[in-house]
Amino acid sequence: MTDLSRYQHNHYLLRRQWGKLFGANFRLYDPSGQLVMFVQQKAFKLREDIRVYSDEARTQEVLNIKARQIVDFAAAYDVVDSASGVKLGAFRRKGWSSSFARDHWEILGPADEPIGQVIEDSLALALVRKYAFKFLPQSFDILLGEQKICDLRQRWNPFLYMMDVDYSADGTGQFDRRIGLAAAILIAAIEGRQG
C-alpha cells in the first residue's frame, strides 16, 4: 500500500487488541478488511506518545501523536507526519466540559489556529455514560465550523473495543483524513486508559 493510498477511504474500522496488559495496540482496517495502520501505545508513559505504523512489523512510522505536557486536564496533543516531520495539527481537550459533561476537543491547524472540533454526540447520553453506564458506546462528530465532516462511532461490544470512522459527509475531501484518524486513535487510547 502506498503512503497516500491508506488515506483515500471514506470508511475505516479501528480495533483495540484484546488482552494486552501493558500499553495498547490498535489496528485500522479499510472497507475491504485490509490492515492500513498499526498503532502502538506504550504503557507507563508520563506523556502520551502514540506511534502509528504502516504495518504490524513496524517497518515504517507514518504518524506520531504526542502530548505536550504531563497533565491531562486540558492537554494538547500534536499530530506529526513521521516521514516529513511536519506538524499536521493538534487536538486540545476542553478541560471542564470534557471532565464533567461530554467529551469535547478543539482541532487546531499546524500553527495552532482553531479549525474545528470533536464533540461527543449528545449531552444526555454523555452524562449517562460518564456517571451511570460506562459500558455504553460513545459517538463523536468531527466538525469544521458548523459542518459535520466525519462520524466516529464505537460499536456495542462488551469484550472488544471497535470504532467506525465514517468520512461520507466530507464529499469534497476538504478534511485531512490523517487528522480524523488521529482523533479516532487518540479517543480510543484515552478511553482505554480511563476505562
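Mentor: The discussion below goes from the fold to the core and then to the charged pairs. This is a predicted model, in which local features need pLDDT of at least 70 and side-chain atom pairs count only at pLDDT 80 or more, while totals for chains, interfaces and linings use all residues. Residues are numbered from 1 along each chain as its sequence is written, and side-chain values use heavy atoms, with hydrogens and water left out.

Trainee: How many helices and strands are there in the protein chain?

Mentor: Helices (H or I, at least four residues) and strands (E, at least two) are DSSP runs, numbered from the N terminus. The protein chain has three helices and twelve strands.

Trainee: In what order do the strands close into a barrel?

Mentor: Two strands pair if DSSP finds at least two bridges between them. Here twelve strands form a barrel in the order S1-S2-S3-S4-S5-S6-S7-S8-S9-S10-S11-S12, with antiparallel pairing. On average, neighbouring strands of this sheet are turned by 20 degrees against each other, direction ignored; the axes are lines fitted to C-alpha atoms, for helices over the stretch in contact, and angles run from 0 to 180 degrees between N-to-C directions.

Trainee: Which strands does S7 pair with, and over how many bridges?

Mentor: S6 and S7 run antiparallel and are joined by five bridges, with valine 80 opposite lysine 87 in S7. The hairpin of S6 and S7 has five residues between the strands, and glycine 85 takes a positive phi near 80 degrees there. S7 is also joined to strand S8 (residues 104-108) by four bridges, again antiparallel. In that pairing arginine 92 stands opposite glutamate 106 in S8.

Trainee: Is strand S7 mostly covered or mostly uncovered?

Mentor: Buried means under 20% relative accessible area, exposed over 50%, and partly exposed in between (1.4 Å probe, protein chains only). Strand S7 (residues 87-93) is mostly covered, as five of its seven residues are buried. For the protein chain, 48% of the 195 residues count as buried.

Trainee: Which residues touch the most other members of the largest nonpolar core?

Mentor: A nonpolar core is a set of buried Ala, Val, Leu, Ile, Met, Phe, Trp, Tyr and Cys residues joined through side-chain atoms within 4.5 Å. The largest one holds 45 residues, and Ile65, Phe91, Val118, Ile142 and Leu152 touch the most other members. H3 supplies the largest share of this core, eleven residues. Valine 118, not counting residues up to four places away in sequence, touches among others Phe91, Ile142, Leu152 and Ala183.

Trainee: Which parts of the chain does the salt bridge of aspartate 81 and arginine 178 tie together?

Mentor: The closest N and O atoms of aspartate 81 and arginine 178 are 3.2 Å apart. Aspartate 81 lies in strand S6 (residues 76-81) and arginine 178 in helix H3 (residues 177-194), so the pair ties together parts that are 97 residues apart in sequence. Aspartate 81 is buried at 13% relative accessible area, and arginine 178 is buried at 18%.

Trainee: Are arginine 155 and aspartate 164 buried or partly exposed?

Mentor: Arginine 155 is partly exposed at 34% relative accessibility, and aspartate 164 is partly exposed at 25%. Their side chains meet in a salt bridge of 2.9 Å, N to O. By contrast, aspartate 170 and arginine 177 are both buried; the closest N and O atoms of their salt bridge are 3.4 Å apart.

Trainee: Which residues are linked in a network of salt bridges?

Mentor: Such a network links Arg68, Asp78, Lys87 and Asp112.

Note on methods
Salt bridge = Lys/Arg side-chain N within 4 Å of Asp/Glu carboxyl O. Contact = heavy atoms within 4.5 Å.
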